[in-house]
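Dear colleague,

Please find below the structure that I am handing over to you, together with its sequence. I would be grateful if you could look through it before reading the notes that come after it.

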Amino acid sequence: MAAKNQSNITLRTGIYSAIEPERFEHSLDGQVALVTGSGRGIGRAIALALAQAGAAVAVTGRTLSEIEDTAHEVVARGGKSIAIAADVVVKSDMEHLVSQVYQQLGEIDILICNAGINTFLPFHLTDSDEWWRQMEVNVKGPTELTRLILPSFQKRNSGTIIYTSSRAASADLPWASAYSCAKSAITRFAGILQVELDNSPEALNHGSNGISAFSIHPGEVKTALHNTAFPQKTKELAPHVVNHMEKISKLQPDFKAELAAWTCVYLATGNGTVLKGRLVDCTKDIDEVKELVSSTPRPRITNACA
Ligand SMILES: NC(=O)c1ccc[n+]([C@@H]2O[C@H](COP(=O)([O-])OP(=O)(O)OC[C@H]3O[C@@H](n4cnc5c(N)ncnc54)[C@H](OP(=O)(O)O)[C@@H]3O)[C@@H](O)[C@H]2O)c1
């Protein structure tokens with residue numbers, strides 16, 4: 001039997017009934033998705049899942065070989081995909097990316113802001129530029145990309161935006177101060193954006209707002225991030241951090257990237273309306289979370305993670 005957590009919600013580590021791929025066959029036919037950081041790891045799994053559900057997918061990241069590989073995989077499985085190299089913190093890259101997606105695939109329906117970086121290092125040992133670089137990639141990248149795409153969503157009064165956040169958004173994770181601040185910020189941004197959209201004159205003209213914003217905690221997935229987060233500097237100056245995180249990592253379940261990927265499909269197909277604006281913890285059974293959220297008054301600080 002699957003484990004339950006403190007709020008009596010079933011812990012999920014991989015595909016389960018609510019997010020079974022078969023449920024979503026053709027559900028995104030005709031839609032266009034853009035997934036940042038989709039050359040590898042969680043973003044790659046999200047791109048493949050959205051494509052399997054029928055969406056044409058724009059794959060992006062800085063490493064051309066990786067994004068081309070994801071796009072080829074989508075096409076090999078019968079889907080439609082393009083790969084465009086871009087850095088999320090370079091404005092001209094993002095403008096070029098969006099214009100290429102519009103030209104080659106059409107207007108975007110699903111935006112997944114997934115690209116992210118993290119370095120474990122005590123704050124006092126972290127170089128100022130490195131600290132702010134993490135804030136820029138994890139917060140400025142997704143918010144500025146949203147700024148570029150939102151007018152098209154507003155014109156059509158439809159679209160889904162999902163920000164890959166982290167459990168770090170709702171915990172005091174030591175030695176990852178920039179990352180935690182960044183993930184808290186992007187989670188808060190998703191919630192605020194949702195309230196703004198729900199109350200915008202454009203939405204009221206349409207009768208109601210048709211645009212959804214979510215942030216997600218994907219689960220602790222063993223990706224390249226688990227190596228890049230511990231650079232040589234951390235190993236030399238703060239070996240206790242490496243040791244501590246290794247111990248914690250061994251205690252964690254083996255969460256699969258497909259868990260987050262198919263949760264994104266679930267949300268992008270309109271199944272998560274009651275969770276709009278919230279931090280959705282993919283490791284918790286989403287139908288049970290929806291039931292709990294529907295039967296509980298909305299807390300002042302909103303997320304479905306805690
Ligand atoms: N893995 C986990 O346990 C975990 C847990 C919680 C949250 N997350 C979040 O999940 C997301 C994906 O992480 P992951 O674990 O899949 O890590 P990953 O395998 O390292 O993938 C990160 C992706 O982001 C891209 N990226 C990084 N910097 C970029 C930049 N400046 N411009 C454009 N793309 C950039 C990378 O491509 P390039 O390097 O080629 O640019 C790569 O495709 C991140 O937001 C991360 O914070 C992960």
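This is a predicted model: local features need pLDDT of at least 70, side-chain atom pairs count only at pLDDT 80 or more; totals for chains, interfaces and linings use all residues.

The protein chain contains eleven helices and seven strands. Its radius of gyration is 19 Å, close to the 19 Å that the globule rule gives for 306 residues, so the chain is as compact as a globular protein of that length. The C-alpha trace spans about 55 × 45 × 40 Å along its principal axes, and 46% of the 306 residues count as buried. Of the contacts with a separation of 6 or more, 72% are between residues 24 or more positions apart.

The seven strands make up an open sheet with parallel pairing, in the order β3-β2-β1-β4-β5-β6-β7. At its edges lie β3 (81-85) and β7 (279-281), each of which pairs on one side only. From one strand to the next, the twist averages 20°. Strands β1 (residues 32-36) and β4 (residues 110-113) run parallel and are joined by three bridges; Ala33 stands opposite Ile110 in β4. Helix α1 (residues 41-52) packs on this sheet, where it touches β1, β2, β3, β4 and β5, and its direction makes about 170° with that of β1.

As for the helix pair, the axes of α3 (residues 91-104) and α4 (residues 128-156) come within 10 Å and cross at roughly 40°, in a right-handed crossing. Lys91, Met94, Glu95 and Val98 in α3 meet Glu144, Leu145, Leu148 and Ile149 in α4. The residues of this contact divide into five nonpolar, three charged and no polar.

With kind regards

Definitions and conventions: Residues are numbered from 1 along each chain as its sequence is written. Axes are lines fitted to C-alpha atoms, for helices over the stretch in contact, and angles run from 0 to 180 degrees between N-to-C directions. Helices (H or I, at least four residues) and strands (E, at least two) are DSSP runs, numbered from the N terminus. A crossing is left-handed if the near helix is turned anticlockwise from the far one by less than a right angle, and right-handed if clockwise. Two residues are in contact if their C-beta atoms, placed from the backbone, lie within 7 Å. Ala, Val, Leu, Ile, Met, Phe, Trp, Tyr, Cys and Pro count as nonpolar, Asp, Glu, Lys and Arg as charged, and the others, Gly among them, as polar. The radius of gyration is taken over C-alpha atoms; the globule rule is 2.2 Å times the number of residues to the power 0.38. A residue is buried if 20 or more other C-beta atoms lie within 10 Å of its own, exposed if 12 or fewer, and partly exposed in between; C-beta atoms are placed from the backbone. Two strands pair if DSSP finds at least two bridges between them.
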